[in-house]
Amino acid sequence: METLVFALLNGVIYGLLLFMLSSGLTLIFSMMGVLNFAHASFYMLGAYFAYTVMGISNFWIALILAPILVGGIGMVVERYGLRQVHARGHVAELLFTFGLAYLIDEVVKIIWGRTAVDYQVPAALDFPLFTLYGAQYPAYRIFILVVAIFMLVALWYLLKKTRAGLIIQAALSHPHMVGHLGHNVPAIFMAVFGAGCALAALAGVIGGNYFITDPAMAVQMGPIVFVVVVVGGLGSLEGAFIAAMLIGLLQTSAISINASLADIFGFLGLSPDSEVGEITIASMGPMLPFLLLVVVLMVRPRGLMGDREV
Amino acid sequence: MNSTRKAVLAAAVSTVALAASAQAETIKMAFIDPLSGAMASSGEPAYQSFVLAAEHVNAEGGVNGDMIEIVGYDNKISPKESLVQLQKAIDSGARYILQGNGSSVASAIIDAVNKHNARNPGEEVLFFNYAAVTPAFTNEVCSFWHFRFDAHTDMKMNAITDWIAARDDIKKVYLIGQDYVHGEAVAAAAETQLAEKRPDIEIVGNELHPLAKVKDFTPYVQKIISSDADAVITGNWGQDMTLLVKAAADSGQQIPYLTFYGGSSGAVAALREGAIDTLYQVGEVSVNMDGTSPEQDAMVEEYKERFPDYDYYYHRAFVALDMFAAAAEKAGSVEPIAVANALEGLSVDGGYGTATMRAEDHQVQQPLYITTVSSDVTYPVDNTDLGWKLVEGGIISADAAMEPTTCSMERPE
């Protein structure tokens with residue numbers, strides 16, 4: 001029981017963080033039809049900006065300022081980078097974001113150094129909130145949960161209930177029509193790209209100090225974010241949400257399972273002492289998202305909620 | 001270019017070379033370890049330790065008049081990248097390789113050095129391993145070209161299991177480690193030694209997690225808590241050490257963590273007061289012990305002054321270079337084979353006891369210390385007011401720490 005509660009709680013928090021990261025990516029994909037390889041780099045920038053802003057003011061200002069700054073950088077990248085490359089087709093765009101990811105990586109190393117920076121959880125949130133089955137639960141994790149849910153609701157409201165959301169959705173699927181109706185489609189694209197980057201940065205701000213803020217964080221997070229987007233269905237926010245939760249829960253609950261492959265497939269004659277049989281579910285945790293990716297691509301190439309083929 | 005000009009040029013070059021050889025030469029030592037990324041918090045302080053140790057050797061007249069130069073090569077903790085860097089280092093003239101973080105890397109380097117030396121007689125290189133502790137390196141796969149300046153897993157585990165054996169309140173032990181050869185060796189040593197010394201102790205968990213990939217240890221810690229363990233044994237290092245104890249502190253866990261590398265920078269800072277009497281480590285260094293020499297204390301202070309981000313921890317880097325200097329002087333040469341022969345059986349007095357290089361397997365023999373975190377210390381760490389203090393009965397003499405070896409190495413004639 002306690003295992004289940006902890007796995008659920010941790011899984012939901014991790015899943016929401018993943019969703020925060022991938023929602024921007026999937027929005028940008030459905031808009032431009034191009035996977036933004038630099039997306040996880042904006043997540044890293046968010047964490048580093050927050051660290052620097054926190055150094056001169058406090059965490060709460062960083063929480064607001066860092067995503068805005070990164071969103072601004074995102075808009076500049078779209079306006080003066082991607083838009084120019086766009087005319088040369090998708091491959092050029094892909095290569096552009098690929099190069100951008102490396103560029104951001106190197107810039108971060110030059111400015112903040114090659115080792116992890118000491119980006120701390122704010123003192124006001126650094127206390128155990130409650131005790132569950134003998135383990136204290138840090139308040140900051142619940143704070144992550146609250147921010148993520150707030151963001152989720154705000155995003156849903158913006159896209160589904162406002163006029164701006166209506167235009168964005170229309171521009172995603174029928175950009176020419178929206179343009180003919182008199183809306184400034186390039187400006188919408190720029191805003192969405194900026195907002196997507198800002199969301200990734202927000203994930204960096206609240207995730208960077210709980211985990212670790214180092215130049216490798218973008219490289220380590222990148223593949224998982226792509227898995228979320230592809231499993232969820234390219235361009236589908238609902239799909240990204242389901243996939244993020246699924247992966248969050250899968251990964252954290254796998255760690256708490258003690259069984260080995262032999263325990264599960266023992267009836268097929270798999271011996272617990274064999275090379276394969278002694279692999280535990282817990283040690284397979286990091287592999288599960290990619291297993292999910294492969295399986296989904298095989299049985300449902302559109303992804304869970306996607307409406308077009310990958 | 002005509003032939004006379006060529007001859008003039010050749011003459012000029014050789015004159016320059018002659019002039020250079022008359023002066024003090026530099027002995028290049030290549031430091032190959034993570035200097036960026038998640039594990040740089042282990043590589044960087046080690047690099048700085050070697051740099052400082054080299055400066056001290058050089059300041060005292062160098063090695064037979066030659067100066068040591070430490071050159072850092074970033075291997076990003078990948079064995080593959082390490083071999084590229086190793087080749088680069090050898091090509092640039094380094095005859096001594098320093099590496100320690102990661103037995104997977106050390107294993108690749110031992111292999112590459114063996115091959116290089118077999119193929120390039122007269123251009124041999126030596127590998128000074130200052131931290132890769134897999135026992136096999138000085139047993140099954142021991143090599144004449146490899147010297148280890150750190151106590152290996154079984155030696156350190158002996159100290160830990162002795163401490164546990166004396167504690168009757170510990171009935172359940174949880175093992176957690178990194179999923180590669182080092183983590184496996186730690187778990188295996190703990191299992192066999194506990195079964196021998198305290199058969200009543202139950203091992204309630206034996207967990208391996210991916211190396212340098214886990215960002216959040218909370219699920220692991222919650223698993224440890226629900227297993228009702230009385231103590232945890234871990235060989236984790238670098239970020240995996242820091243994040244593990246950070247998650248333990250956040251979960252309010254208050255049981256002893258017996259570690260090889262609790263001194264990894266940031267671990268004490270993550271636990272703060274919670275580290276007192278919960279975080280233990282076994283190693284060759286004990287800076288707050290009574291009776292250390294003023295020179296050693298001065299070195300600890302100088303290190304902190306030079307590198308304020310880190311603390312004096314890699315004592316073995318200093319031991320390694322002191323032994324190298326002594327061996328080169330004894331041999332009257334800095335040629336690797338002569339140095340290697342002179343190193344065998346050599347003893348030097350370090351700040352925390354005498355270190356002897358055992359000739360049979362090239363495993364250093366030195367006293368080990370079990371230390372724990374305390375607020376009553378002269379030299380705190382992590383820029384807190386806490387530091388490592390010797391526990392009662394925490395001195396394990398070099399003889400007591402000694403382990404037998406199965407090594408039978410091939411020596412060059």
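Predicted model: local features only at pLDDT ≥ 70, side-chain atom pairs only at ≥ 80, totals over all residues.
Local features need pLDDT of at least 70 and side-chain atom pairs count only at pLDDT 80 or more, while totals for chains, interfaces and linings use all residues. Residues are numbered from 1 along each chain as its sequence is written, chains are lettered from A, and side-chain values use heavy atoms, without hydrogens or water.

**View 1. The two domains of chain B.** Domain 1 covers 25–151 + 301–366. Domain 2 covers 154–283 + 367–400. These bounds come from an automatic or database domain assignment. The C-alpha centres of the two domains of chain B lie 26 Å apart.

**View 2. The buried interface.** In chain B, 29 residues of domain 1 contact 28 residues of domain 2 (heavy atoms within 4.5 Å). The two domains of chain B bury about 2200 Å² between them (accessible area, 1.4 Å probe, lost on being put together, summed over both parts). Carbon and sulfur atoms give 60% of that area. M39(B), Y313(B) and Q366(B) supply 25% of what domain 1 of chain B buries against domain 2, more than any other three residues.

**View 3. The salt bridge between the domains.** The rule finds one salt bridge across the interface of domain 1 and domain 2 of chain B (side-chain nitrogen of Lys or Arg within 4 Å of a carboxyl oxygen of Asp or Glu). D150(B) forms a salt bridge with K156(B). Their closest N and O atoms are 3.2 Å apart.
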